[in-house]
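Here is a guided walk through one protein model. Keep the sequence and the coordinates open as you read.

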Amino acid sequence: MWNLLQDTDSSVNAWRRPSWLCTGALVLAGGLFALGFLFGWFIKSSNESIIVPQQNTKKVFLDELKAENIKKFLYNFTQIPHLAGTEQNFRLAKQIQSEWKEFGLDSVELAHYDVLLSYPNKTNPNYISIIDEDGNELFNTSLFEPPPPGYENISDVVPPFSAFSPQGMPEGDLVYVNYARAKDFFKLERDMKINCSGKIVIARYGKIFRGNKTVLQVKNAQQAGAKGVILYSDPADYFVPGVKSYPNGWNLPGGGVQRGNVLNLNGAGDPLTPGYPANEYAYRHEIAEAVGLPSIPVHPIGYYDAQKFLEKMGGTAPPDNSWKGGLKVPYNVGPGFIEDFSMQKVKMHIQSNSEVTRIYNVIGTLRGAVEPDRYVILGGHRDSWVFGGIDPQSGAAVVHEIVRSFGELKKKGWRPRRTILFASWDAEEFGLLGSTEWAEDNSRLLQERGVAYINSDSSIEGNYTLRVDCTPLMFNLVYKLAKELKSPDEGFEGKSLYESWKEKSPSPDFSGMPRISKLGSGNDVEVFFQRLGIASGRTRYTKNWATSKFSNYPLYHSVYETYELVEKFYDPAFKYHLTVAQVRGGIVFELANSKVLPFDCRNYAVVLQNYADKIYNISMRHSQEMKTYNVSFDSLFTAVKNFTEIASKFHKRLQDLDTSNPVLMRIMNDQLMFLERAFIDPLGLPDRPFYRHVIYAPSSNNKYAGESFPGIYDALFVIESKADPSKAWGEVKRQIAIAAFTVQAAAGTLREVA
């Protein structure tokens, strides 16, 4: 079984020291910093003499990245499970720490936090049964997935479970609720007059995208009065026609199960210490007061087991074909089983435990030569539900190779202009806990010094084309870099990555350009972008979204997500991994080494106009109510117009900037760096205080997708369900005012400094 970490090492706590040990050091550091600033800006730094011309150095850096190294690292990282909080994952942290030191980083330390994690009971496993009227168990779901070939003797595989599910043994009639979306429950309750209160519901994964599907599915089920949730992966959503199941293909076998957490954190971090780092002296809430824990038991199963329940379902037929999946069952809704089995019930047996457990981040530093107090961060998580062949180790292997390549440059005497921080996050799968706790712990430094954060989770989710989600500030940086790199795609030999990306994934908003999506959540970008306002981005290779109806790759978070899955089916030559390494590494290189930060504020102006138009068009679906309650978007459109004019003037001054004047360059770089911060509202969004970005936030209905002007959007989304229309439209007006103020205030930060 999986082994929880027993020993702790109090000496490995990076970036965090008791203040009484550091007072003298801080005084000394303050004086040295002042001297360093003067010498750094007004006397040519001796370190600058070792900086090779940027273009040549970048080429050396990119050429040093090797596909065979990424392949080797991925193999090494995926031979055993690395579940957060376990001895195996701690050993991997120590290995990464040691190897990053060997690669040549200036320092590599471990930062530990004590957070709430969740595990199945080793002696009392979770399962679901069908029982007769006397309580006798007639059928029990599988306790484990059948192991993939070559992994039969791995004993520490955590069985499928829904992390943070409460314990419980509810029993009752079963109701099939399709994808457990809000509209599915509306269909059941309003149109079909089926009450889910007191019932156990069974829902299929999908439609609600990826990891947060469980959060919203459970939330919706709780609100409907259900007393338990069963989740399964239907073949219609996780079995691509014409592709065999693993190990002969990349489809999900019938016994495969998707793990995940069911927390509804909304950016809070550790459920017991929301907003503050989970260190040794942190105040911790009691479990009953913890943030985001569900109130009803939840458990995932495979589609073989799901068929045993669904084939007996009685009651009402499905309302339409959209409720039918790929199993040979009628997909009746219920409640309860058909007549011959009407006395049988479903019983859940959930015995998982939540406990405070130590986790470890690895933090590596490559000190900047000219602006060491400006930080560019590349981070990705290493904890996995099981082997993590794609999520996360395909990303961790890329980070490892990027660190190695930067280390080779440093060994030749080179240093970046700005400091680069590298992070291997822990406990991402349990709610982005490692990155959030570290960012909370260092929030004051990051707010003052953070230039950008680039995330390196899964490097692939397909092998069709590049996918980029980032702040508009980085659009031109990414486009420029993609034009410099070769496309790995078949049929695009001799052409640039930009050309294949543009052809395969054209932007729906900007003619003749490739698609760049809004940042959502579900990954370690969240705390840096949504809470702290640090310019952020992420890239990976993806599938063809125009033809694929599946929300994710079929083996996501199952035991079958192995090294062999990647090596045999997704990227045998590791050419897509190499391309992703070049994109991620190239972005980091430019951010860390360009004299003038490669941010373009004019793109923010363009998207703000686009977003304002879109949210206005949404509001006009209620044009009569808009007139009745005197709702106007004039202030927002005026603010966007002002931002556009000021951003254009700023860009003109930037083009005329005398880069030999270090003070002026620092001023304008800081204006660029702090622009993202200007979109942060310290009060946060309604009911989501840790989501503070006024322009972007994870959608309330799909946390993996980003929503623009989320405060306005959320207020409009629920407008028809509000009992008091006047109050509801008052909230819309309030959110418009907040957005208009924020955009206008952000524009002010770009004005010429007096």
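This model is predicted: local features need pLDDT of at least 70, side-chain atom pairs count only at pLDDT 80 or more, and totals for chains, interfaces and linings use all residues. Residues are numbered from 1 along each chain as its sequence is written, and side-chain values use heavy atoms, with hydrogens and water left out.

Start where strand S5 and strand S11 (residues 345-349) pair in the antiparallel sense over 2 bridges. Helices (H or I, at least four residues) and strands (E, at least two) are DSSP runs, numbered from the N terminus. Two strands pair if DSSP finds at least two bridges between them. Gly 172 has Val 346 in S11 as its bridge partner. The open sheet here has 4 strands, ordered S3-S2-S11-S5, with antiparallel pairing. Its edge strands, S3 (137-140) and S5 (171-172), each pair on one side only.

Helix H8 (residues 303-310) lies across S2 (127-131), S3 and S11. Contact means heavy atoms within 4.5 Å. H8 runs at about 25° to S2; axes are lines fitted to C-alpha atoms, for helices over the stretch in contact, and angles run from 0 to 180 degrees between N-to-C directions.

Now move to strand S16 (residues 465-470). Of its 6 residues, 6 are buried, meaning under 20% relative accessible area, where exposed is over 50% and partly exposed lies in between (1.4 Å probe, protein chains only). S16 runs antiparallel to strand S17 (residues 536-542), joined by 6 bridges. Leu 466 has Tyr 541 in S17 as its bridge partner.

Finish with Tyr 604. Its contacts include Phe 529, Phe 643 and Phe 679, not counting residues up to four places away in sequence.
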